[in-house]
Each structure stands twice: as C-alpha cells, then as structure tokens.
Amino acid sequence: QVQLVESGGGSVQTGGSLRLSCAASGASLSRHRMGWFRQAPGKGREWVAAIDSDLDVTWYEDSAMGRFTITRDNAANTLYLQMASLKPEDTAVYYCAAQFPRRSWWTRQDPSSYDYWGQGKQVTVSS
C-alpha cells in the first residue's frame, strides 16, 4: 500500500518562499510519475507541476513556470515543491500525487492519471 505524507507549507507574504515535501512509503518514488496539484476555495483541483520517472523530466503549469520547482530525492523517497515569488493567487491546499503502478498512458494535468494522493497542505499568501 502506497502512502504519501505531506509536510511544509504555511503562511507567507507576497514574494516569499515555501517548500512542500511529500514522503512516500510502500513504493519507490524513483520509479513513478509524480505530480503536484492545488485546490483553492470554491475551485476545482488544478495541476501545478509534474515529474516523470525517466530522466526526471519536469513540466509546469504556466503560472508556476519560473517560480516553482519540482524535485525528487530518491534516497529519501521524497518529492518536493519549492515555491518562490509567491502571490496571493497561489493560496490553496496543495496535494502531491503518484501514478502507481506505471501505466502506458499519463495525462499529467489530469487528476485521474494518478492513483495515490497526499493529505493536502495549506499554503496561504497574504498581500
């Protein structure tokens, strides 16, 4: 059974930085496709970033490009999302997600492409 446990997040002022961590158990993250999503109050779950298991290729939603960085520490079996230059519109609950087992298809922006989810961590950016 794969479990994803998130930590980090919190409150920061506009322009500040935060880091989210997603520690996995029950499977090796290095072999799996991973993603970060967020959900603001009254809105649907929005894709933020993703990382593939092949060569750790990464992708970002347009508003996250250049500000957010998704990385993976295979030794720690942990996924990270480093967020910089934060804006009030980044305020949301952030979720990590994993596709397990690896499938032949992967629509990285689609939540249905992922099988396991973290519990979510609140990120609040004040102006």
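These questions and answers go through a predicted model of one protein chain.

Q: What makes up the secondary structure of the protein chain, and in what order do its elements run?
A: The protein chain has 0 helices and 11 strands. From the N terminus on, the order is β-β-β-β-β-β-β-β-β-β-β.

Q: Why does the radius of gyration of the protein chain agree with that of a compact globule?
A: The rule for a globule is 2.2 Å times the number of residues to the power 0.38. With 127 residues this comes to near 14 Å, and the protein chain has 14 Å, so the two agree. Along the principal axes, the C-alpha atoms fill a box of roughly 40 × 25 × 25 Å.

Q: What share of the contacts join residues at least 24 apart?
A: Counting contacts between residues at least 6 apart in sequence, 57% join residues at least 24 apart.

Q: Why is Gly35 called buried?
A: Buried means under 20% relative accessible area. Gly35 has 0%, so Gly35 is buried. Gly35 sits in strand β4. Beyond four places in sequence, Gly35 touches Ala49, Ala50, Leu79, Tyr95, Cys96, Ala97 and Tyr114. Trp59 is 24 residues away from Gly35 in sequence, and their C-alpha atoms are 9.3 Å apart in space.

Q: What makes a group of residues a nonpolar core, and which residues touch the most other members of the largest one?
A: Members of such a core are buried nonpolar residues joined through side-chain atoms within 4.5 Å. The largest core has 29 residues, of which Leu4, Trp36, Leu79, Leu81, Met83 and Tyr94 touch the most other members. Two or more residues come from each of β3 (18–25), β4 (33–39), β5 (46–51), β7 (68–73), β8 (78–83), β9 (92–99) and β11 (121–126). Another core, of 6 residues, lies apart from it and includes Phe37, Ala50, Ala97 and Tyr114. In soluble globular proteins, nonpolar side chains tend to be buried together.

Q: Which residues does Met83 touch?
A: Leaving out residues up to four places away in sequence, Met83 touches Gly16, Ser17, Leu18, Leu20, Arg67, Phe68, Tyr94 and Val123.

Q: How do you know that β1 and β3 pair?
A: Two strands pair if there are at least two bridges between them. β1 and β3 have 6 bridges and pair in the antiparallel sense. Gly8, for one, has Leu20 in β3 as its bridge partner.

Q: In what order do the 4 strands of the open sheet stand, and what makes β1 and β7 its edge strands?
A: The order is β1-β3-β8-β7, with antiparallel pairing. β1 (3–8) and β7 are the edge strands, as each pairs on one side only. From one strand to the next the twist averages 20°.

Q: How many bridges join β8 to β3, and how many join β8 to β7?
A: β3 and β8 pair antiparallel over 6 bridges, and Ser21 has Tyr80 in β8 as its bridge partner. β7 and β8 also run antiparallel, joined by 6 bridges. Here Arg72 stands opposite Leu79 in β8. β7 and β8 form a hairpin with 4 residues between them, and Asn77 in the turn has a positive phi of about 55°.

Q: Where is Glu61, and which residues is Glu61 in contact with?
A: Glu61 lies in the loop between β6 (58–60) and β7. Beyond its neighbours within four places in sequence, Glu61 is in contact with Arg38, Glu46, Trp47 and Val48. Glu61 and Ala23 are 38 residues apart in sequence and 23 Å apart in space, C-alpha to C-alpha.

Technical notes:
Residues numbered from 1 in each chain as written. Predicted model: local features only at pLDDT ≥ 70, side-chain atom pairs only at ≥ 80, totals over all residues. Heavy atoms only, no water. Buried < 20%, exposed > 50% of the residue type's maximum accessible area, 1.4 Å probe, protein only. Contact = heavy atoms within 4.5 Å. Axes fitted to C-alpha atoms, helices over the stretch in contact; angles between N-to-C directions.
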